[in-house]
Amino acid sequence: MQVTVLGAGTMGHGIAQVSAMAGHDVTLRDIEPEIVDEGVDSIRSNLEGGVERGKVTEAEMDSALGNITGETDLPTAIGGADLVAEAVPEDLGLKTTVLTDAEDVASEETILATNTSSLSVTELASGLERPGNLIGLHFFNPVHIMSLVEVIVGERTDESTRAFATEFVEAIDKTPVVVRDVPGFASSRLGVALGVEAIRMVEEGVAAPRDIDNAMELGYNHPIGPLELTDVVGLDVRLDILEYLRTELGERFTPPQLLKRKVRAGKLGKKSGEGFYVWEDGEAVATSGEWSDR
């Protein structure tokens, strides 16, 4: 199968990697050559780490890298593709434009997928000439490690598109969960609900972030606590999702003032070096703010 991934950032190069490791021919496309190169370099780094840990053989690494081609020209990237998956930032206008441009140069049989975590697949499809060809494929970060993919079926998604997407997810050794196109789907809605309540608990002085996270990790066997996960996802991303869900589902998703203050201060989590934790070399080394000495 020929797979084209639009967007070479964190999610895009992850989708490209797992597709290539499954034996698909993959084109990774972005608007600048440097961004494409960075995406391919990240894939190589992930695979080299897998080799060092004994999770990937050198032959598997070489084969996966050999299946990937970098590209900046959109028609060249999409020509002959069976599946085109966009993985651009979570912005409705941007995703709509990318999908519309992709459809313009894709064949009538090409399946389009959006890697949205919260936006309406039905709304994204409304501007397409072939809305039945669009489906949501919500991958999780890091893509090469996380086994879940939400398959989001829009109001006008064809049954053949759903079947194609489900088979693709299974073929790349992931587990598909099929959900209707409702705000927040399943995972984002539940995950954000847990995260926002944890933030309110910090705001109300109930407990320190690390204690709240330990309660969920040790008491409920969560692999990562809700506040550390918020840092990993990005506080700005969580804020955007909450504001969208508040509009769609009501006041229970109102963003806490603490979250708004941190975003305004540029404390976006792991990517900025500080959120609910202080981050160094990709690790949470201390708690941020008033809880830092507790």
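Predicted model: local features only at pLDDT ≥ 70, side-chain atom pairs only at ≥ 80, totals over all residues.
Gly-12 lies in helix H1. Leaving out residues up to four places away in sequence, the residues that touch Gly-12 are Val-5, Gly-7, Leu-28 and Ala-87.

Gly-9 is located in the loop that links strand E1 (2-6) to helix H1 (10-21). With a relative accessible area of 35%, Gly-9 is partly exposed, because this class covers values between the limits of 20% for buried and 50% for exposed. When neighbours within four places in sequence are set aside, Gly-9 is in contact with Gly-14 and Asp-30.

## The annotated binding site

An unreviewed UniProt entry carries the annotation "binding site", which covers both Gly-9 and Gly-12. Among the other residues in this annotation are Gly-7, Ala-8, Thr-10, Met-11 and Asp-30. The annotation also includes Glu-90, Lys-95, Ser-117, Asn-141 and Lys-271.

## The pairing of helices H2 and H3

Helix H2 (residues 33-52) and helix H3 (residues 58-66) have axes that come within 9 Å and cross at roughly 165°. Angles over 145 degrees count as roughly antiparallel, and H2 and H3 are therefore roughly antiparallel to each other. The crossing of H2 past H3 is right-handed.

On the H2 side, the residues that meet H3 are Ile-43, Arg-44, Leu-47, Glu-48 and Val-51. Their counterparts in H3 are Glu-58, Met-61, Ala-64 and Leu-65. Sorted by class, this contact of H2 with H3 has six nonpolar residues, three charged residues and no polar ones.

Definitions and conventions: Residues numbered from 1 in each chain as written. Heavy atoms only, no water. UniProt positions renumbered as here; feature names shortened; annotations may be inferred. Helix = DSSP H or I, 4+ residues; strand = E, 2+ residues; numbered from the N terminus. Buried < 20%, exposed > 50% of the residue type's maximum accessible area, 1.4 Å probe, protein only. Contact = heavy atoms within 4.5 Å. Axes fitted to C-alpha atoms, helices over the stretch in contact; angles between N-to-C directions. Parallel < 35°, antiparallel > 145°, perpendicular 65-115°, else oblique. Left-handed = near helix turned anticlockwise from the far one by under 90°. Nonpolar A, V, L, I, M, F, W, Y, C, P; charged D, E, K, R; others polar.
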